[in-house]
Amino acid sequence: MGLNSLRQSAGCALAVLLYLFSVTTLAADEPKPLKLTTTADHSKFKELQREFQSGPEVTKACLTCHTEAAGQIHRTKHWKWEHLNPDSGQTLGKKHILNNFCISIASNYSACTSCHIGYGWKDANFDFSVKENIDCLVCHDTTGIYKKPPGLAGNPVIKDMELPPGSGKIVKGIDITKVAQKVGKSSRDTCGACHFFGGGGDAVKHGDLDSSMAAPDRELDVHMDATGLDFTCATCHKTSSHDVAGSRYNPTAMDKDGVHIRGKVDNSNPATCVSCHGNGPHKKEERLNQHATKVACQTCHIPAFARGGVATKMSWDWSTAGERDAEGKQVVRKDDKGRVIYESRKGTFTLGENVKPEYFWFNGDVNYTLVTDKIEKSEGVIRINWLGGSPTDGKSLIWPVKVFRGSQPFDPINKTLVKPHTAGNDDTGYWKNLVWDKAVETGMKDAGLPFSGKVDFVKTEMFWPITHMVAPKENALACVECHSKNGRLAGIQGVYIPGRDANKLIDTIGWGIALLALLGSLGHGLMLFVARRKHQGE
Amino acid sequence: MGERVYIFKGFERFWHWSQAGLIMFMMLTGFEIHGAYSLFGFERAVSFHNIAAWSLVGLWIFAIFWHLTTGEWRHYIPSVEKVLVIARFYSSGIFRNEPHPFKPSQLNKHNPLQRLTYLGVLLFISPLIWITGWLYLFHGEWSACGLSGLQLEWVAIGHTIGAFLMLAFFVSHIYLVTTGHTPTSQIKAMITGWDET
């Protein structure tokens, strides 16, 4: 008995101990109800448990742990806004090129660099070597409250301020400390904060990127479908060392490298369709894989762009800018849907939704007409950029493209395009003063370029290959969209498209022979009929 | 009426009519694919055309086997002799109510002009359509077969030429069928197998 009770109490004590032990270990290693995708909760980091007064202060804190991040960032196009095209030798990037939207960043830095991943790029003297000028938050914000309004050279508003100065409009300061403590991976929202609003507003520039892509449904984008596959931008634009893959300065028009395999060294572009789907993705119809040797995936799988309910700009005529009303004020006109189609400071626009792209052979080469290149107005339309490609170079596929058409200022004496000073609350900014020669003079001076003092307008085109807004497969183009006389590929040379093409001579002779056979038969038959009637009569 | 001769055997009639149906359907779908009109819609027209093509392949496998094993292929051996006689009949004699200079029999079911025409279809139109059709079907395999230098346009043109010739043959064939001693006598023969002369 004694032994038994002793054994019992010992057992009880052990059980209690074991229980206590298990409770304490459980408390320390308690599994989270949700599987976290990160190992770090930044709000727990001492470096971030303080009040931040500015962006650079936050960056400094980031760099205390992420010691090599600045070096990575400083190499990228996102930071430098500069890209040397190794094939053409052209120096490109927003820092250098001009477009036919807001034209150029020169002398307009404070406005344009609200989309720079840095702080304080307010003029041509910005120091690209300063680590603290990197803006970590604009890509890594998860709160959605981080904003960089135009005019502040990429700085956010920390304390309430009047913006633009003198406008009487107060912009509320954001809680940058909260933003810093909640950093995480990039998202459709962070990328979209700039890329959805390129060209100065929602949907303006790309046509296949706008705010509807922040949380698209399956119809709009089968991959980014917020309640389905839920891709972020970085799922395709696979990023390592802060270097985001996939750029329209050196796109991959035809990906011959096939599917990317984990662990296999592969330096090809990971953002192509082929890098996941391979070069023979149509399992049931080999014929479609055959099509893919001539036709980019995007051509059939993106039947139209600007499908998310936000209209994209299709043309921009700067030559009509400058109107003033009876009181001398600037004018804004809207269409019946409430979309702006004229602004005194910008000129005339046309917009489009559900736009069918235009199609071109494209081999990945993109060349630009730079501000230093001579142009002739008599040549007609100046191509700001143009796509290389031909049916026979073995590197081209038929691509869908948004062609953005416009008319913009140029210097008729020096025969160059020009970079006008548009944004800016000063004496020469076009948007305030509506005077072209002053605006161009300031802009060209800032860019270190000659200007004759004369301004004329020239028609321009810009080519934007379409690659986003991929529709579900059931909404891919039907055959007849191209296999018909006036189909989508009516203007494409170098391929025989059944239903579109026919040899005229063969067709004429062929129908002629068939018709002769018919007429011969009818004639013979008539004669026979008459002869037999006659014979019967006899 | 005259004597009755059993000319067209069961399989032969089956072959003839299913082939006729398939070829008419393929002309219908084929010229739609060619862009001549819109009926089924391009995608369905292509799909139907392919199904009909494969059906015809199957039919031909049986037909070739039948012709070889029964010796019926001999009916397509051309005989130059009497071709002119037949031609003269169709261009003048027929209008004078002259009797047809050819009497079909089990051993000799086609007149010399028929023999020449059918042989022409067999040796020229059919191979043109078949070869270009196969190339069309297997466009995806060209480079694997060492045919990467081939242009789809040339294949398409060849196929189209074949189709036009087939259409011309079809029109003439339909007409000549009605020129027997009554307009329906020959069609009856191809249905029942019995030719009345």
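Chain A gives 29 residues to the contact and chain B gives 25 residues. Two residues are in contact if their C-beta atoms, placed from the backbone, lie within 7 Å. On the side of chain A that touches chain B, helix H11 (286-291) and helix H15 (504-537) of chain A each give two or more residues. H15(A) supplies the largest share of that side, 13 residues. Helices (H or I, at least four residues) and strands (E, at least two) are DSSP runs, numbered from the N terminus. The side of chain A that touches chain B holds 14 nonpolar, 10 polar and 5 charged residues. Ala, Val, Leu, Ile, Met, Phe, Trp, Tyr, Cys and Pro count as nonpolar, Asp, Glu, Lys and Arg as charged, and the others, Gly among them, as polar.

This is a predicted model: local features need pLDDT of at least 70, side-chain atom pairs count only at pLDDT 80 or more, and totals for chains, interfaces and linings use all residues. Residues are numbered from 1 along each chain as its sequence is written, while chains are lettered from A and ligands numbered from 1 in the order in which they are written.

Strand S11 (residues 358-362) of chain A is largely enclosed by the rest of the structure, because 4 of its 5 residues are buried (20 or more other C-beta atoms within 10 Å of their own, C-beta atoms being placed from the backbone). S11(A) pairs with strand S15 (residues 397-411) of chain A in the antiparallel sense, over 5 bridges. Strands pair if DSSP finds at least two bridges between them. A:Trp361 stands opposite A:Ile398 in S15(A).

Note on methods. Buried ≥ 20, exposed ≤ 12 C-beta atoms within 10 Å, placed from the backbone.
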